[in-house]
Amino acid sequence: MTITLYDLPKISLNKVYSGVHWTKRKKDKDAYYLLVKNQFKDVLSDDKVYSVSYTFEFKKSPLDTSNCVYMLKLIEDIIFKDDNYKIIPELNIKSKKGKRDCVIIKITEINK
């Protein structure tokens with residue numbers, strides 16, 4: 001399954017490291033929830049095992065790959081019922097320059 005989400009706010013993991021107040025992180029979470037749910041209504045089951053690949057594309061000034069982790073976590077908590085290591089044992093993250101701000105998520109079911 002491939003999901004493409006467009007125009008999500010670009011938020012670097014550095015923001016969290018800088019000690020941003022929890023109320024601001026809550027605003028980020030709420031904004032992502034509305035945008036992601038507007039573009040992807042399902043929640044993926046916790047009775048399967050998945051390999052997930054995230055490709056973040058930025059129209060300008062791509063984030064360092066590791067700085068995309070905050071956005072990945074916000075998305076993951078919305079589209080998966082549970083994200084523990086038994087359900088999502090592997091992730092792949094890429095960051096690159098693209099024609100539009102988006103994240104392409106490829107989800108592959110793994111045999112248990």
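Two strands count as paired if DSSP finds at least two bridges between them. Helices (H or I, at least four residues) and strands (E, at least two) are DSSP runs, numbered from the N terminus.

The model here is predicted: local features need pLDDT of at least 70, side-chain atom pairs count only at pLDDT 80 or more, and totals for chains, interfaces and linings use all residues. Residues are numbered from 1 along each chain as its sequence is written, and side-chain values use heavy atoms, with hydrogens and water left out.

**Exercise 1.** Work out the strand order of the open sheet, and find its edge strands.

*Solution.*
- Step 1: the four strands run in the order S1-S4-S2-S3, with mixed pairing.
- Step 2: look for strands that pair on one side only; these are S1 (2-6) and S3.
- Step 3: check the pairings of S2 (residues 49-58). With S3 (residues 90-97), S2 pairs in the parallel sense over eight bridges, while with S4 (residues 102-110) the sense is antiparallel, over nine bridges.
- Step 4: spot some partners. Serine 51 sits opposite glutamate 90 in S3, and serine 53 has lysine 106 in S4 as its bridge partner.

**Exercise 2.** Decide how helix H2 is oriented relative to helix H3.

*Solution.*
- Step 1: H2 (residues 22-39) and H3 pack at about 55°, their axes 10 Å apart (axes are lines fitted to C-alpha atoms, for helices over the stretch in contact; angles run from 0 to 180 degrees between N-to-C directions).
- Step 2: that makes H2 oblique to H3 (under 35 degrees is roughly parallel, over 145 roughly antiparallel, 65 to 115 roughly perpendicular, the rest oblique).
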